[in-house]
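Let's take a walk through this one together. Have a look at the model first, and then we'll start with some charged side chains.

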Amino acid sequence: LTEQAVLEQQYESISHPGNQESNRGLPDFETLDDELRHSSRVVARMLLEDHGIVDKVEAAMGQCERDPSMVKFLATFNELKHQTYQKMSTSVEEEKSKEDFYLEVSAREEKASQMLRALQKDLKGEKAEHEREVGHLDEQVAKLRTEIEHIKSSTSVEIKNLEESTRQREDDDKKAWDSTEADLTAERERLRKELAAVSQRNRETEEALRKKKIKNEQEVEAWIYKYDTDVREKVRHIQAIKKEYNEEKRQLSWYEEHFKRVEQERARVEQEQRRIAEEKAKEEAQRAMLDGAASTIQRIFRGKVARRELEKAKKGKGKKGKGGKGKGKKK
């Protein structure tokens, strides 16, 4: 039992890939698996031959705490016994039902994979459409900003041109003032009126441009607000799609893990069936060998008995012949 516990600990240690440093001195997995199988069969035979060992073990275990590895071994052994009994008591119809169930689960897994690929394709299309819309909005915002800058630059140029023309006219008026005071006064009054009219027109023009600028800024703000609203809506939509995708991905992971356990269980059952078939074949071969040996022994024994009977018959004939010759001489 101690050797069995040591082998179980080594098997459990080598079964975990993360313990590579501590597993360097241990044998390889196949060798350890064969040794553990052989040790398990030996322990089973010991328990089967010695009926009182169960009471002894229970009495010893009652005095001290059970080893977790031994508890695990007993649980595994009971589970193996239950599975073997269940496998032997399973009918062909139940096997066919299980196989149909495995096929149905495989079909569901394939359907889930197809749905996942379709969702990924839809998500990619939605993302590309969102990027195109964002690019279009960026182009519109850049265009509006360019128009605003152009309006600002054109307004400043017009004001500068008006100021230059005004200064030129003032110089002309000053030159004309030197020639005649009356004409200069009249011309001055006329220029003042004209300057006032031009200033009024400039103020009106400036006011109109300012209103246009405010309107354009409001439109830009409206576009920016619409852009932010659309982006938030798209982000919420993408988050919903991601949430649905993560849920389906979680379900797919669960299905994969489930089918992996099913495949492992099926492989273990097939391996156990092969082992039982090999043992049965060995027993049949031994039985055939014993039957052949028994037949050979019987043939040898019958031949020996036949030879012994033949020798007895020959000896009886010899004695009869000798007795007949003696009687003839006496006469």
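This is a predicted model: local features need pLDDT of at least 70, side-chain atom pairs count only at pLDDT 80 or more; totals for chains, interfaces and linings use all residues.

How exposed are the two partners? Glutamate 194 is partly exposed, at a relative accessible area of 27%, and arginine 169 is also partly exposed, at 42%.

So what lets such side chains team up in general? Side chains of opposite charge can pair when their charged atoms come close.

Glutamate 247 makes a salt bridge with arginine 250, with 2.5 Å between the closest N and O atoms. These two are about one helical turn from each other, because they are three residues apart in helix α6. Glutamate 247 is partly exposed, with 34% relative accessibility. Further on, glutamate 265 forms a salt bridge with arginine 268, and here the closest N and O atoms are 2.7 Å apart. Both of these residues belong to helix α6 too, three residues apart, or about one turn of the helix. Glutamate 265 counts as partly exposed at 33% relative accessible area, and arginine 268 does as well at 28%. In total, the structure holds 16 salt bridges.

Glu3, Asp28, Glu30, Asp34 and Glu35 gather on the surface as a patch of negative charge. Which helix gives the largest share of the negative patch? That would be helix α2 (residues 29–49), with three residues. Glutamate 3, for its part, is found in helix α1 (residues 2–14), and glutamate 3 is exposed, with a relative accessible area of 57%.

Time to zoom out. The chain has six helices and zero strands, which reads along the sequence as α-α-α-α-α-α. Of the 331 residues in the chain, 12% are buried. The accessible surface comes to about 27200 Å², and carbon and sulfur atoms account for 55% of that. As for contacts between residues at least 6 apart in sequence, 66% join residues at least 24 apart.

Methods. Residues are numbered from 1 along each chain as its sequence is written. Side-chain values use heavy atoms; hydrogens and water are left out. Patches are made of residues with over 30% relative accessible area and no salt bridge: like charges are joined within 9 Å, nonpolar side chains (Val, Leu, Ile, Met, Phe, Trp, Tyr) within 5 Å. Accessible areas come from the Shrake-Rupley method with a 1.4 Å probe; for residues, only the protein chains shown count as cover. A salt bridge is a side-chain nitrogen of Lys or Arg within 4 Å of a carboxyl oxygen of Asp or Glu. Lys and Arg count as positive and Asp and Glu as negative; His and the chain ends are not counted. The place of a charge is taken as NZ of Lys, CZ of Arg, CG of Asp or CD of Glu. Helices (H or I, at least four residues) and strands (E, at least two) are DSSP runs, numbered from the N terminus. Buried means under 20% relative accessible area, exposed over 50%, partly exposed in between (1.4 Å probe, protein chains only). Contact means heavy atoms within 4.5 Å.
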